[in-house]
Amino acid sequence: MGLRVHLPAAAGTFLLPLTLCALTLLPQGLLGNPAEQENARSPALLQRVKRGWVWNQFFVLEEYTGLEPLYIGKLHSDMDKGDGSIKYILSGEGAGTTFTIDDSTGDIHAIQRLDREVKSQYLLRAQARNRLTDRPLEPESEFIVKIQDINDNEPKFLDGPYQATVPEMSRIGTSVIQLTATDADDPTYGNSARVVYSILEGQPYFSVDAKTGLVRVSLADMDRETRENYTIVIQAKDMGGQLGGLAGTTTVNITLSDVNDNPPVFDQRLYQMSVPESAPVGSVVGRIWAKDRDVGVNAEMKYSIIDGDGRDTFDISTDSTNLFGIITVKRPLNFENKPSYTLKVEGANTHLDPTFRHRGPFKDVTIVHVSVEDVDEPPLFDSPSYYIEVPEDADIGTVVKVVSARDPDAANNTVRYSIERSSDPEKFFYIEITSGALMTVRSLDREEVGWHNITVLAMEMNNPTQIASVSVAVRVLDVNDNPPSLKHYLETFVCENAKAGQLIQTVTAVDPDEPQGGQRFYYSLAPEAANNPNFTLRDNQDNTAWILTRRGGWSQQDRTLFHLPIFVSDGEAPTQTSTSTLTIRVCSCDQEGNVMSCNAEAYSLPASLSKGALIAILACIFVLLVMILLMLSLRTHRKKPYLCDEEENVHENIVRYDDEGGGEEDTEAFDIAALWNPREVHHPLGKIRQDMMPEIESLSRYVPQPCVGGVGVAGGGGGDSNVHSYVLAKLLEADLDPCAPPYDSLQTYAYEGEGSVAESLSSLQSGTSNADHEYDYLNDWGPRFRKLAEMYGVLETNNPPMW
């Protein structure tokens with residue numbers, strides 16, 4: 001049996017090469033083993049073996065655009081009798097989706113559009129089976145369907161559009177950029193992927209190599225200052241550029257970079273500038289600019305003054321951009337001395353290109369004329385500062401210096417002088433307003449103030465705002481006008497066991513003066529102590545002196561104190577002298593000369609009284625003093641009057657009455673608790689009130705002040721006399737108190753009600769008439785209750801008034 005492959009007519013031309021290729025790809029089982037073929041030649045095997053499959057490769061053109069499925073080929077088995085008993089099965093890559101087979105006839109078709117650039121070949125497997133039993137009639141074998149390429153892809157520039165830079169003035173042939181186009185077609189088959197480059201736009205400035213795609217300069221001396229940017233269009237065409245080939249294009253933007261090929265040029269041949277004469281050093285006068293058509297570092301400049309009468313007065317520098325020249329003041333200006341200057345300034349490039357030196361020189365020169373403007377300047381002293389030396393014994397009114405200032409302007413105004421008060425607050429000096437003579441107005445003392453730093457002001461007469469100042473340092477020179485005196489040691493001691501000729505003190509003198517040759521002091525005993533039998537003095541000739549004893553046998557019992565006058569003089573002219581008294585005490589000392597006691601009274605103390613006992617006695621005295629002070633302070637802080645606790649006597653605040661009163665004013669008008677202790681509420685009488693009526697004051701004189709022991713609750717206990725006396729006492733106290741408000745009546749209801757002797761004062765709910773009550777006691781209550789007594793008819797008209 002066998003299987004034959006029928007190819008379509010379109011593939012007939014490729015039959016021979018396809019057959020050769022298929023043989024290389026067939027499985028070894030189909031092609032036969034070489035060893036088996038060798039055995040087949042043996043005489044034992046004379047039967048011929050037939051192959052069941054005949055294979056070949058299938059070639060299909062890509063991009064088929066027909067409406068019907070593309071017929072690829074036909075598979076046929078020798079066992080196929082045409083009765084439909086054999087079923088052909090196709091499997092592998094694309095089987096059923098891209099390729100189909102008629103299971104009865106074996107016809108293979110492509111049902112989808114094939115693209116070689118997506119997939120160049122497909123590996124398929126074919127098998128013949130019995131349709132009824134589905135039993136394979138032949139082993140499964142593979143075959144390949146190759147997609148044949150056609151020119152269906154144009155070249156593409158994957159990185160476009162492109163940016164490129166080339167220096168200006170470049171030579172012809174200078175490389176600009178390398179371009180590469182990619183064609184997806186098969187480079188091994190025909191000319192579909194053979195690309196040729198050409199330029200569509202950008203001539204005659206640039207060109208492109210047809211094979212490599214390298215863009216080059218094709219026009220010499222292209223100037224950036226004339227044109228900076230260029231845009232060219234490059235085409236890539238396949239099929240070797242032949243007619244019918246596909247093409248792709250891209251854009252290249254080319255920029256000419258700058259080179260230093262242009263010299264700088266000043267925009268003016270002459271610059272006019274002006275500056276006030278008062279401009280400080282470093283002030284900006286103006287700026288100049290040498291323009292350069294180049295940019296960046298190729299346009300950076302350096303300026304310098306190469307000539308002119310202002311080379312030493314002005315300076316020039318480059319600004320932060322390195323483009324402009326800044327002219328500044330180098331030295332102070334003076335309109336009166338020189339009103340104008342001329343500068344010759346050069347500007348040159350800092351970065352030169354040797355390739356273009358022939359286009360130079362890369363520098364330019366200009367002239368700058370600077371005019372100095374006149375300004376009203378303050379006066380100018382003839383010296384920036386003054387130093388003066390004055391002896392401290394100079395007389396008042398002595399001229400120590402004459403300062404001079406003038407107006408530097410052409411007007412030469414008159415100048416007036418003065419001293420800044422803050423520099424001479426104690427007013428030691430005075431300056432003559434017109435002449436500038438500086439003189440003393442107070443006595444100088446070097447020992448108090450050795451230097452005077454004063455400030456002298458000079459002001460223009462016609463323009464007081466123009467003021468100049470100068471520092472005047474006055475040094476006060478020393479004069480020997482202070483006598484020397486002993487330093488520190490004005491008191492010393494001598495031990496009782498001191499012997500004759502023993503040193504007891506070294507004395508030193510001081511002098512506030514400062515002679516140029518240094519201090520020199522001379523010591524001696526005062527004339528009245530020249531023959532002192534107890535002590536003597538020895539001058540050591542080194543500004544010190546020794547005090548020595550002349551005898552021994554010192555005793556505190558005999559004498560405890562000695563006074564030794566010492567005469568001191570200095571060595572300067574005029575000689576200054578002084579006498580100082582040295583006090584010498586006689587003390588008891590130990591064997592090493594340490595002082596134990598210098599008081600004679602210590603010897604009269606009992607021998608048994610030691611220092612510890614003395615300290616104990618002093619401590620006791622101190623404790624007694626503290627206790628006495630404590631007792632005095634306690635007596636001054638007396639306790640406040642005792643008042644009953646509100647919580648314990650809350651029933652005392654219950655007020656029962658039936659008439660209409662002032663509400664809370666009735667209960668707050670007086671402290672009820674005060675009635676329980678009348679003695680404690682008496683306060684010292686102060687100043688007599690001015691608003692008290694005379695009859696009340698006269699009544700108070702006759703009010704008795706009994707000693708009240710206590711008051712019962714709500715009418716219990718003491719009766720009417722206690723209440724009557726207490727009320728009158730409080731009334732008198734209120735009249736004499738200057739701080740109490742001027743009440744018209746004393747509203748107290750502590751004893752009003754059923755528990756009171758007088759019972760309720762209200763007529764409401766009263767079960768008895770007025771006749772049932774006795775109101776004779778109202779006569780004893782004084783003038784304030786006179787009207788009340790008249791109302792109740794108990795006024796004693798025959799009794800003379802109490803006042």
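Buried here means under 20% relative accessible area, and exposed means over 50%, with partly exposed in between. The model you are viewing is predicted.

**Stop 1: the whole structure.** Select the cysteine sulfurs. How many disulfides does a search of the whole structure find? It finds 2. Counting bonded cysteines along the chain, the pattern is 1-3, 2-4.

**Stop 2: cysteine 495 and cysteine 589.** Select both residues. A disulfide joins them, with an S to S distance of 2.1 Å. Now show the secondary structure. Cysteine 495 sits in strand 34 (residues 491-495) and cysteine 589 in strand 40 (residues 577-589). The pair links distant parts of the chain, 94 residues apart. Check the torsion about the S-S bond: it is about -85°, so this disulfide is left-handed. Cysteine 589 has a relative accessible area of 15%; that is under 20%, so it is buried. Cysteine 495 is buried too, at 9%.

**Stop 3: cysteine 587 and cysteine 598.** Stay on strand 40, where cysteine 587 lies. Its disulfide partner is cysteine 598, and the sulfur atoms are 1.7 Å apart. The torsion about this S-S bond is 105°, and the link is right-handed. Cysteine 598 is in the loop between strand 41 (595-597) and helix 4 (611-636), so the pair ties together parts 11 residues apart in sequence. Is each end buried or partly exposed? Cysteine 587 is buried, with a relative accessible area of 1%. Cysteine 598 counts as partly exposed, at 23%.

Definitions and conventions
Residues are numbered from 1 along each chain as its sequence is written. This is a predicted model: local features need pLDDT of at least 70, side-chain atom pairs count only at pLDDT 80 or more; totals for chains, interfaces and linings use all residues. Side-chain values use heavy atoms; hydrogens and water are left out. A disulfide is a pair of cysteine sulfur atoms within 2.5 Å. Helices (H or I, at least four residues) and strands (E, at least two) are DSSP runs, numbered from the N terminus. Buried means under 20% relative accessible area, exposed over 50%, partly exposed in between (1.4 Å probe, protein chains only).
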